[in-house]
Amino acid sequence: MRYKDLFIDFDDTLYDTYGNAVVALRETFDAFRLERFFDHPQRFYDAYWAANIDLWSRYSKGEIDRPFLIVERFRRPLSEGHGLEVTRQLCLEVSDCFLDFCSSKSGVVDGAHELMSYLKGRGYRMHMTSNGFHEVQYKKLAACGLRDYFDTIILSEDAGANKPSSLYFDYALKVSGASRESTLMIGDNLQTDILGALHASIDALLFNRWQADVDTSPQEPTFVVETLRDIMKIL
């Protein structure tokens, strides 16, 4: 067996973070009765996703910290409302509500449980790798029933660095006891998961859920698949 250890991204690789967040965002909008301030809820949703994508990209690069991300990703969409006083306290309350709704959702990407059961049966040691927040990730793991598949949970807050930093992958190798040569990174994000691992001299499999243009990537992934079940044809 070429690989012994698998570093597996959690959000949007196994756990349907996007799908669950779409539902949680709607629940949050209703909980705060934000329809009083918005002509249409889609204006709030669109502003949230634009902010979220931008801020998580900056967070992964170490350009901003967690407190800034948590406040800013709701300050921007709430500021689109009419007559709404957007305070730091309101942003924090909305964030807490949203994260509670999110972390209670059990939705996974199609084929996630089947893949993890298969990999466990094949004898791989599996390690969850994530830039997600500590307390939220453990709640998500419990909600979706994937916790017991993992030998190690490796979060960026514990590592002191985010994917794609080589410091994160060095930490992951250390705490998992894995060797660089016999480890494969599996993830959906070409930048943080795949290029991060490749720069750390770790092979990487892209689950190309978002149809990234791999041809323009500065480094080619070791493997590319379109579905989680395709991974079972490789490992």
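User: Which confidence cut-offs apply here?
Analyst: In this predicted model, local features need pLDDT of at least 70 and side-chain atom pairs count only at pLDDT 80 or more, while totals for chains, interfaces and linings use all residues. Residues are numbered from 1 along each chain as its sequence is written, and side-chain values use heavy atoms, with hydrogens and water left out.

User: OK, what's the strand order in the open sheet?
Analyst: The six strands run 3-2-1-4-5-6, with parallel pairing. Strands are DSSP runs (E, at least two residues), numbered from the N terminus, and two of them pair if DSSP finds at least two bridges between them.

User: And which are the edge strands?
Analyst: Strand 3 (152–155) and strand 6 (223–225), each of which pairs on one side only.

User: Switching to rings: how many aromatic pairs are there?
Analyst: The count is 17. Rings of Phe, Tyr and Trp (its six-membered ring) pair if their centres lie within 6.5 Å; planes under 30 degrees apart are stacked, over 60 edge-to-face, and the rest tilted.

User: Why is Tyr-3 with Phe-223 called edge-to-face?
Analyst: Because their planes are at 80 degrees, with the ring centres 6.5 Å apart. Tyr-3 is in the segment before strand 1 and Phe-223 is in strand 6, so the pair ties together parts 220 residues apart in sequence.

User: Is Tyr-3 buried or exposed?
Analyst: Buried, at 3% relative accessibility. The cut-offs are under 20% relative accessible area for buried and over 50% for exposed, with partly exposed in between (1.4 Å probe, protein chains only).

Definitions and conventions:
Helix = DSSP H or I, 4+ residues; strand = E, 2+ residues; numbered from the N terminus.
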